[in-house]
Amino acid sequence: MFDIDLKVATSLSVTLLIIGIGMSVYPSVIVKVRGKSNDLITIVTIGVFLLIIIVASQAVSLVRRYPDALYPLVGITLGFRMLSPTIFVSTLQEKFDKKKYWKMLHHLFLIIALGLIFYTFISGMTNKSNENLAVSERFLMTMAATYTYARAYLGIVQRFFFDWEEKYILFSGLLIGISFVMLVPFLVPEFDRVYKLTGTVGWFGAFLSLHLGRRFYRR
């Protein structure tokens with residue numbers, strides 16, 4: 001997602017993906033082998049780790065050769081870009097609106113959101129961008145999108161799988177989310193204009209949430 005070499009971005013994304021999936025898989029594996037011999041636990045643990053590395057690496061290698069296979073993830077990424085800023089800002093409002101310094105932060109976030117609306121729209125329509133602004137917008141969008149992904153991941157895991165510690169699930173979901181948010185735009189760059197324009201929609205939603213003082217999302 002940032003202006004770094006494709007191979008570096010891919011390696012970083014795959015590493016985060018492997019760690020995130022590993023953190024998701026290992027609790028259930030440990031539950032199933034609990035009480036077994038230490039040798040069996042060691043073999044199963046190593047085997048699952050190697051399987052995760054092979055599957056994640058081969059999957060990324062496959063989509064690099066056939067990027068069309070990523071189109072469903074492109075759609076998900078675009079959806080997160082539109083919804084995440086509003087959800088992220090609503091969460092911040094819910095957490096800090098009773099703090100004394102919230103009024104100052106509120107005005108600062110309003111200015112930032114308004115600036116990002118114009119920047120993403122102009123750069124999306126003209127394909128011209130400022131490097132510093134581009135990195136800042138991508139960083140903020142990555143934070144918002146990965147937080148939203150992690151919250152969604154937390155809800156799915158807690159509902160359908162084990163009742164693990166919330167912070168643990170959030171962290172594993174955060175790693176998986178970052179890997180996708182970084183990787184998809186690199187592997188499918190032809191949607192660059194759409195990425196920017198969906199960012200415009202996302203930051204406009206964040207601006208409305210701040211301006212109206214409404215929370216469009218509650219945890």
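This note goes through the predicted model point by point, from overall layout to single contacts.

1. **Basis.** The model is predicted: local features need pLDDT of at least 70, side-chain atom pairs count only at pLDDT 80 or more, and totals for chains, interfaces and linings use all residues. Residues are numbered from 1 along each chain as its sequence is written, and side-chain values use heavy atoms, with hydrogens and water left out.

2. **Layout.** The protein has seven helices and zero strands. Read from the N terminus, the order is α-α-α-α-α-α-α. Helices (H or I, at least four residues) and strands (E, at least two) are DSSP runs, numbered from the N terminus. Of the 219 residues, 41% are buried. Buried means under 20% relative accessible area, exposed means over 50%, and partly exposed lies in between (1.4 Å probe, protein chains only).

3. **Main core.** The largest nonpolar core holds 13 residues. Such a core is a set of buried Ala, Val, Leu, Ile, Met, Phe, Trp, Tyr and Cys residues joined through side-chain atoms within 4.5 Å. Ile-18, Val-48, Tyr-153 and Ile-169 touch the most other members. Two or more residues come from each of helix H1 (6–33), helix H2 (38–65), helix H5 (131–160) and helix H6 (166–187). H1 gives the largest share, five residues.

4. Phe-207 is one of the buried residues of H7.

5. **End of H1.** Val-33 sits in helix H1. With a relative accessibility of 12%, Val-33 counts as buried. Its C-alpha is 9.6 Å from that of Thr-45, twelve residues away along the chain.

6. **Helix H3.** Ser-84 belongs to helix H3. Ser-84 is buried, at 0% relative accessibility. A polar atom of its side chain lies 2.5 Å from the backbone oxygen of Phe-80.

7. A salt bridge is a side-chain nitrogen of Lys or Arg within 4 Å of a carboxyl oxygen of Asp or Glu. One joins Glu-137 and Arg-81, with the closest N and O atoms 3.6 Å apart. Glu-137 is in helix H5 and Arg-81 in helix H3 (residues 71–96), so the pair ties together parts 56 residues apart in sequence. Are these two residues buried or exposed? Both are buried.

8. Asp-192 and Lys-196 pair through their side chains at 3.2 Å, N to O. Both are in helix H7, four residues apart, about one turn of the helix. An α-helix has 3.6 residues a turn, so residues three or four places apart point the same way. Asp-192 is partly exposed, at 31% relative accessibility. Lys-196 is buried, at 13%.

9. **Rest of H7.** This helix has 21 residues. From first C-alpha to last, H7 reaches 30 Å, close to the 30 Å expected at 1.5 Å a residue. The expected span is 1.5 Å times one less than the number of residues. Its buried residues include Tyr-195, Thr-198, Trp-203 and Leu-210. Gly-213 follows H7 and has a positive phi, near 65°.

10. **Ser-209.** Ser-209 is placed in helix H7 (residues 192–212). Its relative accessible area is 0%, so Ser-209 is buried. Which side chain does Ser-209 contact? Its side chain makes a polar contact with that of Gln-93, at 2.9 Å. A polar contact is a pair of N or O atoms within 3.5 Å; within protein, one must be able to donate a hydrogen and the other to accept it, and residues adjacent in sequence count only if both atoms are side-chain atoms.

11. **Helix H4.** H4 has 25 residues and reaches 35 Å between its first and last C-alpha, close to the 36 Å expected at 1.5 Å a residue. Just after H4, Asn-127 has a positive phi of about 60°.

12. **Met-125.** Met-125 is in helix H4 (residues 102–126). Met-125 is partly exposed, at 44% relative accessible area.
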